[in-house]
Each structure stands twice: as C-alpha cells, then as structure tokens.
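Student: Could we go through this model together? I would like to discuss its surface and its charged pairs.

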Amino acid sequence: MSIAETSLKPYSREWLLSDRPTSRRQARFGRAYIVWRRFAENRLALMGLVIILGLIFVAAFAGVLAPHDPVVGDLRNSRLLPLGSPGYLLGTDDQGRDILSRLLYGSRLTLLVVVLVAIIAAPIGLIVGTVSGYAGGWIDAVLMRITDIFLAFPKLVLALALVAALGPGIENAILAIAVTSWPPYARIARAETMTFRNSEFIAAVKLMGASPFRIVLRHVMPLCISSLIVRVTLDMAGIILTAAGLGFLGLGAQPPLPEWGAMIASGRRFILDQWWVAAMPGFAILIVSLGFNLLGDGLRDALDPKEAGQ
Amino acid sequence: MTLPETSVATRRNRRRASSFATSVLRFAVTVVTTIFGLLVVTFFIGRVIPIDPVLAIVGDRAPAHLYERTRIELGLNLPIYQQFFIYAKQALSGHFGTSVLTSNPVLEDIRRVFPATMELATIGTLIGSIVGVPLGVLAAVRRGSIADQIVRVIGLIGYSVPIFWLGLLSLVLFYAQLRWVAFPGRVDIVYEYSFTPQTGFYLLDAAMQGQWEVMWDLFRHIALPGGLLGYFSLAYISRMTRSFMLNELSQEYVVAARAKGLSETRIIWFHALRNAAVPLVTVIALSYANLLEGSVLTETIFSWPGLGLYITNSLQNADMNAVLGGTLVIGAVFVGINIFSDLLYRTLDPRTRSR
C-alpha cells in the first residue's frame, strides 16, 4: 500500500474511486459513489428521481402548499370552475373543492399506499425466498408451490375479490395489493440465494458455528436487498395503478378522501362538459408512476450493468 | 467396454421416455396444486366476508330455529375442511351458486359474457403483436437512435398510464368531439334484434352471416376499447421484442450470416427474428392473459358486456357468488394460458426437448 493511497483526502473523488480502500467505510462509500455515477449519467433516471423527490416534498408540505381546504369546498360560488380560474389554478370539482389542493393532499395517500405495500410485501417475499433458497429440499418445494399459486392468480382480480370480501377502504386495498405483490419478490430472493448458497463465505460462516437462522438473516438477506429494491421500485408504478383502479371502482379510499383514482371516478359524470375534473388526477397518476418506472429502470441499469439497455 | 449400437439407442430412448414421463408428471402436479390453491384462496375469501350469509337469507328478525335450520342447510355447521370439500366439489363441477343480481346460475352468466371479453382481448393482442413486434425489431436494430427513444417512450407511457383514465379521455375525444366511434357498448341498439349471434364472438358471427352493416357498427364499437388494450399489449410486446432481438443480434450466427454476404433485411427478419420468436410466443401468450385481466377496468369504461363488467357489477351489489366464480374462471384461464405457452415453447424450441 503506497503512502499516496492512505493520504488521500477523505470523501474526495480520488478517495472514493480508489481501488485500494483502506477502511470498510471507504469501500462502502466508494461502491455507492460508483453506482451513483452510473445512475446520474442516465438523464431519464435522474428525472424519475426528481419526480419521486417532488412527490415526497409535496406530500410532506401539502398543508402549506395547498391554497384551499381539500375536503370542504365553496358550494355557493365555486362549483365546476374551469382551469385557470382566479384562485383555482386547476379548476374545481362538483362540490366546489379546489382540484389542485385535493391533488396535493392526495399525494399523501399515494405515498402511503406505496410505502405500506412495500413494507408489507417486500419482507414477506424476502423471507420466503431466502428461506426457500437456503433450505432447499421439501421446504423449498412447499414454499415455491405456494408462491406459484399466488403468481397464477390475476393480481387485479384477486385484489378486487379480497377488497370485496373485506369491505372497501384504503387499509383493505393496501392489504389486498400487498397480498398479491409478494410472490415475484420471493422468486427473485430465492434465485439470488441459490447463486451463493454454496459459496465459500457461507461455508466459512457455517464453520464458525453460525446457525442457519443467523446465516439467512445476516449474510443471505443483505445480499438480496439490492435486486429486491430494483424490483420493488419497478413495481411501484403497478401498485399505484392498481390502487387507483380500486379507488376508481369505489373499493379503495372512500369519499371525501382526495384519492386520485376516486377523484377520476367522481369526475366521470361531468367528463363531457367539465373534462378537467377527471383529467387532472389522471395526469398526477401518470406522472408519479412514470417517475417510479424511470427511477426503477435507472436503478436496475446502475446496479446491474449486465442488463443495461435491454 | 463397447456397447452394441442398438443397446445405446434403446438406452437413450428409455432415458428420453422416462424424462418425458417425469416432465408430464411434474406438469400434472403443477396444474393440480395450482387449481387446488385457487380453490383454497377463493374459499377463504368467501369466508372472510363480514356479512353473515345466514342473516342475508333469513333476515335479522328470523326466529332462532329458522336461523339454525338455514345454517345447517347451508352446511355452515360442518367443520371448515368439510365445508371446503363441498365447495371444491361444487366448483369443480361448475356450480358456483346463483347470482343474486341476475338470479341465474353464475356459470351460465359467465358462459354468456365470456366471449365478449375474449373477443376484446384477442383484438387487443392482435394489435399489440402486429404493431409491437416490428416496433421492437426497429428499436433493437437502430439501438440508441431517435426511433429507439420513441419506442421506449411509447412503452414507458403504456406502463405508467391508468387505463381507465385513458379510456375516459379517448371517449371524450373520439366519441364526443370527433364522432369517429360509437357510443359505449358492444353493438348498436338498432341491430339488437336483426342480428342474432351464434358463437358469441360478434365480429365472427357478423362476418359469417354476411351482415356487413352490422360488421361496420361492431367495428366502430370495438375500435376504442380494443385499441386501448392493444396499446397496453404493444407496450409490453415491443419492449420484450427489443430485448430478445438485441440478444439475437449479438450472436455469432449473425456475424457469420453477414460474412456470408446476406442482406441485412434477411438477417434481421429471417434469421434473428425467427430465433427471437420462440420466447416471444410466451410473451404474447402472457400479454393475452394480462389483457383478460386488464379488461376489468376497460369494460367498465366502455360498458362492454364481458366478464370484467360482470365482476365489477356484482362487486357493487355485494354478489359474492358471482365475484368468486368470475375470479375462479379468470384464474383458471390464466393457468391454462400459462400451460399452453409452456407447451408451445417446448414444441418450438428443440433444445428444451432433448434435455
């Protein structure tokens, strides 16, 4: 190791790109930096990131940004105002509520659905997949059969039937979407686990006396996370579309919650004359799910250059 | 030690036969467990409804003995596994119960509405394949060009747009503003009595009966929902085609074909696409299955009297028999399409056979 390597200024470009990291921290930051550089080269991916950061910002500050109340409208003076009316940039709906304010508040519901589904579905998939891949044998066979059964089900229809049984509402919609979205994650985690279950570092940990539980939790799962994150990000768009679809059918968030899918449904009645009532929430859904798709594509290309451009 | 020729051949044949038997067996196990799983899931969905099915029938003022009798009649006093066996037996023989909404047996309803959904999904898949495959090939051949970017954006929007919203907006534009297409529905009310469909696939029926005026009307009805589903299928198919073609074009046989002096057109359309076609078949089959599902929202927008509209209508009326029956049928069709595409893949790709 040369002196020049160790005396690099921490967090400088050279320090990050050094191929002889002197500490674990440097190696970790260095890897992250390389991934980030690859990601940042992709302009569309950056755009996706900006959209998602924007969504988080809007959701956090909806209370400050929204010019009007999202639930109570001015029924007397402001029913179905067109786009660009003074004070109502995106017009108002049939109850005199400002569409822009409702969209801003609705971003919270969208974020809630996406985050909760990810928090519920990803760990289930991760546990089922890693256990199945590491254990092998009949455990693998049983778990994969169950996964296949859920994969065989059409997602939207299963979610519909579940919500119909549990009763409409945003919590049940989230639950139904989560139940239908974990199988692909289990498949991915299993495939990843299979590739390194016989590798030497696992054998080494095993020799050191680690229990299977510890191996799966501390050594197998962390290695599956990056491919799982990519897949979850790519799925977010689909989750948003399913949630909006459920909302549109009246099975998701209930009025007066400003859920975007439900807003499209309520605007449907005036679609011929006041098209903006239904059109605006759709644009919001389109932009956000486009953001997640772009971000997911970019992440995949950055984390897994093998598949880039395919 | 050298074995006689014949012995080697019989051995190989025997091995082949046994591997064939194993794969058939594995196949059968997959199908049976998946169908079993479908039944378990729909059974439990039917059990978690917060509505008491007995109260729904007798009303909440019924005396205790009547309540108890109905409970026994419905088999709800039995242990849960016995209830499941009864449910499975009935479902497998096609008894999904009676629809509360239409008061017909659910299976009869589904049989009536399913051709409409199939017709829609078929048109969608046709559009998706006929347009999507060439677009994907173009994007792969001109990788990185403007054409590639455009195909990518078309695909990305297809993946990101809510189908019901696009449906509503296209109705405003093409029906209300431009008057290019007909009012939502499947056929104009004028023809409802003069046109008697036989197979349930109206386009086919009209063509066979030579009713060209009806045909034109049917076309004006299916254009928008079919086109929309076609767009979604196109987004998926073109993306996959591009990826398969990129893979094929980087293979050595393409270099060899170029060295031999074959024209680029021939290499792309006859050699590379032919090899890419094998995985593409699977993709197209999957996209067909996806459209069957995607039809749920599309049919609601366009009042298309298919399975999707049937399920959503039943949902609004808490008609669980119909919802679960519809779910089961779509699930079974899904499984069927998966098996079909798997078999087709095996037939088309000789490499999967010898292994």
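Tutor: One definition to begin with: a residue is called buried under 20% relative accessible area, exposed over 50%, and partly exposed in between (1.4 Å probe, protein chains only). This is a predicted model, in which local features need pLDDT of at least 70 and side-chain atom pairs count only at pLDDT 80 or more, while totals for chains, interfaces and linings use all residues. Residues are numbered from 1 along each chain as its sequence is written, chains are lettered from A and ligands numbered from 1 in the order in which they are written, and side-chain values use heavy atoms, with hydrogens and water left out.

Student: How many salt bridges does the structure hold over all chains?

Tutor: There are 15. A salt bridge here is a side-chain nitrogen of Lys or Arg within 4 Å of a carboxyl oxygen of Asp or Glu.

Student: What about R231(A) and D235(A): how far apart are N and O?

Tutor: The distance is 3.3 Å, N to O. The two residues are 4 residues apart in helix α11 (residues 212-248) of chain A, about one helical turn. Helices (H or I, at least four residues) are DSSP runs, numbered from the N terminus.

Student: Is R231(A) buried or partly exposed?

Tutor: R231(A) is partly exposed at 31% relative accessible area, whereas D235(A) counts as buried at 13%.

Student: Which residue does R242(B) pair with?

Tutor: R242(B) forms a salt bridge with D148(B), with the closest N and O atoms 2.9 Å apart. R242(B) lies in helix α9 (residues 212-249) of chain B and D148(B) in helix α6 (residues 146-160) of chain B, so the pair ties together parts that are 94 residues apart in sequence. Both residues are buried.

Student: Which residues are joined into one network by salt bridges that share partners?

Tutor: D297(A), R300(A), D301(A), R152(B) and R239(B) are joined in this way. Within it, D297(A) and R300(A) form a salt bridge at 3.4 Å between the closest N and O atoms. D297(A) is buried at 4%, and R300(A) is buried at 16%.

Student: Changing topic, which residues form the nonpolar patch on the surface?

Tutor: The patch consists of L112(A), V115(A), L116(A), I119(A), I120(A), I124(A), L175(A) and V179(A), with about 580 Å² of accessible area together. Patch residues have over 30% relative accessible area and no salt bridge; like charges are joined within 9 Å and nonpolar side chains (Val, Leu, Ile, Met, Phe, Trp, Tyr) within 5 Å. Areas come from the Shrake-Rupley method with a 1.4 Å probe, and for residues only the protein chains shown count as cover.

Student: Which helix supplies the largest share?

Tutor: α6(A) does, with 6 residues.
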